[in-house]
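Biologist: Please show me the model. I have some questions about it.

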Amino acid sequence: MHLDLRTVSITPLRQTFDSIAARIGSDKPASRYQEATLDVQPDANFHYRPLWDPEHDIYDASRTAVKMNDWYAFKDPRQFYYGTYTLARARMQETAEGDFTFVESRGLANNFPTASKDLALKVLLPLRHVEWGANMNNTSMCAYGYGAAITQPCLFNAMDHLGMAQYLTRVGLLLDDVAALDTAKQAWLFDAGWQELRRYVEDTFVMKDWFELFIAQNLVLNGLLYPLVYQHFDSVLSAQAGPVVSMLTRFQHEWYAETSKWVNATLKIALSESIENQQLLSSWTKTYRDRAIIALAPIAALALGDKAEAVMAELVEEFNARAIKFGLTL
Amino acid sequence: MSNVFIIFQTNEDTRNIVEAILQDNDAASVNEQPAMVRIDSPGMLRIRRETVEDKMGRDFDLQELHVNLISLSGNINETDDEFSLSWKH
């Protein structure tokens with residue numbers, strides 16, 4: 001008997017869903033990210049306006065002064081949808097858990113010099129409340145934003161901040177005990193040094209324009225606070241007492257590097273849309289940058305002592321350079 | 001000039017690599033086959049780390065290519081930043 005084997009190549013009739021093909025062309029397969037993002041949010045047949053806001057539809061692009069022709073022009077360079085996001089974070093979390101276990105099992109926290117321990121607790125623990133604020137703010141951007149291309153990464157970002165608040169709590173519990181958390185909360189509520197930052201965070205809670213909030217929180221506050229705490233303060237602590245705290249805050253450090261790419265890409269797209277957007281975003285950035293500098297100055301002084309002013313100047317310069325690079329005028 | 005080629009499995013990682021190759025090599029042509037994708041290029045084919053990282057949105061080590069690599073032809077020249085195939089050597 002003679003058997004003839006041959007390969008039959010079957011070309012699929014459709015490469016992706018029609019709604020996706022309408023955007024990217026029907027000749028090529030769509031990525032999972034595109035399929036899980038493009039046009040996911042409903043945009044028609046809203047029968048009733050929400051009782052809590054009868055001026056707007058439930059999803060309404062006019063909740064921000066920024067205008068976009070197409071809200072799906074935003075693209076997350078990390079291409080996060082639920083699957084990739086959880087995988088990426090699981091990997092980072094595994095490393096972080098490893099670090100915590102390492103510090104615990106070797107008793108590194110107990111041998112950590114007292115002066116450095118106090119300083120670390122004083123600077124890091126009140127930041128739990130800042131992280132929680134960032135969680136609230138990003139959730140708000142997701143709730144009032146328009147288009148899954150931007151609301152989706154905002155919600156991921158919110159969850160990240162919640163996670164980082166928990167990591168800071170664990171740093172507190174590892175270096176000290178529950179009382180440290182209460183002390184930090186009292187400092188956050190009553191210490192003069194924290195009040196400007198607290199005002200900044202609490203003012204952002206009531207912001208109506210979600211894109212303005214994006215600037216105030218994700219670009220400006222994170223853009224100055226993270227390098228200050230997780231680079232400069234971190235190297236001060238390492239120089240004093242070794243890299244124990246660096247290990248415990250590694251998640252934040254890596255997270256900031258990764259998330260900045262998304263923030264940069266998002267703003268670049270928004271401001272290249274029109275000259276009005278560019279001016280609006282620039283003026284918001286200037287306003288919040290100046291406020292954030294005032295808010296962070298006492299924290300810098302607390303963390304870095306007499307080097308604070310030089311470091312703040314350097315950070316602001318870096319921040320300006322970054323903003324100008326993707327197209328803001330400052 | 002004779003072609004060099006490289007063949008990958010079709011998946012979410014290689015989609016970005018293929019896009020990067022097409023962007024960096026004007027003469028390259030794609031041949032999509034069941035579960036694999038073949039890229040032919042006359043004389044020379046470059047894979048640049050930077051372009052792949054742009055497409056993927058994360059850091060990329062060129063060694064990661066080998067996870068999804070099925071076959072290739074050409075002499076390999078490999079650095080940290082670029083992986084190239086050619087008939088030069």
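Modeller: First, a definition: helices (H or I, at least four residues) and strands (E, at least two) are DSSP runs, numbered from the N terminus. This is a predicted model, where local features need pLDDT of at least 70, side-chain atom pairs count only at pLDDT 80 or more, and totals for chains, interfaces and linings use all residues. Residues are numbered from 1 along each chain as its sequence is written, chains are lettered from A and ligands numbered from 1 in the order in which they are written, and side-chain values use heavy atoms, with hydrogens and water left out.

Biologist: What percentage of the residues of chain A count as buried?

Modeller: Buried means under 20% relative accessible area, exposed over 50%, and partly exposed in between (1.4 Å probe, protein chains only). Chain A has 330 residues, and the buried share is 50%.

Biologist: Which residues touch the most other members of the largest nonpolar core?

Modeller: A nonpolar core is a set of buried Ala, Val, Leu, Ile, Met, Phe, Trp, Tyr and Cys residues joined through side-chain atoms within 4.5 Å. The largest one has 94 residues, and the two that touch the most other members are A:Phe211 and A:Leu281.

Biologist: Which helix of chain A gives the most to this core?

Modeller: The core in question is the largest one, with 94 residues. The top contribution is 19 residues, and it comes from helix H9 (residues 210-241) of chain A.

Biologist: With which residues is A:Leu281 in contact, leaving aside its neighbours within four places in sequence?

Modeller: Contact means heavy atoms within 4.5 Å. Leaving aside neighbours within four places in sequence, the partners of A:Leu281 are A:Val66, A:Phe211, A:Ile215, A:Leu267, A:Ala270, A:Leu271 and A:Leu328.

Biologist: Is A:Asn45 buried or exposed?

Modeller: A:Asn45 lies in the loop between helix H2 (32-37) and helix H3 (82-105) of chain A. Its phi is positive, about 60°, although A:Asn45 is not a glycine. At 67% relative accessibility, A:Asn45 counts as exposed.

Biologist: And A:Gln79, is that residue buried or exposed?

Modeller: A:Gln79 is found in the loop between H2 and H3 of chain A. A:Gln79 is not a glycine either, yet has a positive phi of about 50°. With a relative accessible area of 12%, A:Gln79 is buried.

Biologist: What about A:Glu258: buried or exposed?

Modeller: A:Glu258 sits in helix H11 (residues 250-273) of chain A. Leaving aside neighbours within four places in sequence, A:Glu258 contacts A:Arg78, A:Phe80, A:Arg89 and A:Met92. Its relative accessible area is 16%, so A:Glu258 is buried.

Biologist: Which residues of helix H2 of chain B are buried?

Modeller: This helix spans residues 49-56 of chain B. Its buried residues have cover that includes helix H1 (12-24) and strand E4 (44-48) of chain B. Just after H2(B), B:Gly57 takes a positive phi of about 75°. The buried residues of H2(B) are B:Thr51, B:Val52, B:Glu53 and B:Met56.

Biologist: What is the mean pLDDT of chain B?

Modeller: pLDDT is the predictor's confidence in each residue, from 0 to 100. The model scores ipTM 0.72 and pTM 0.88. In chain B, 99% of residues reach 70 or more, and the mean pLDDT is 92.
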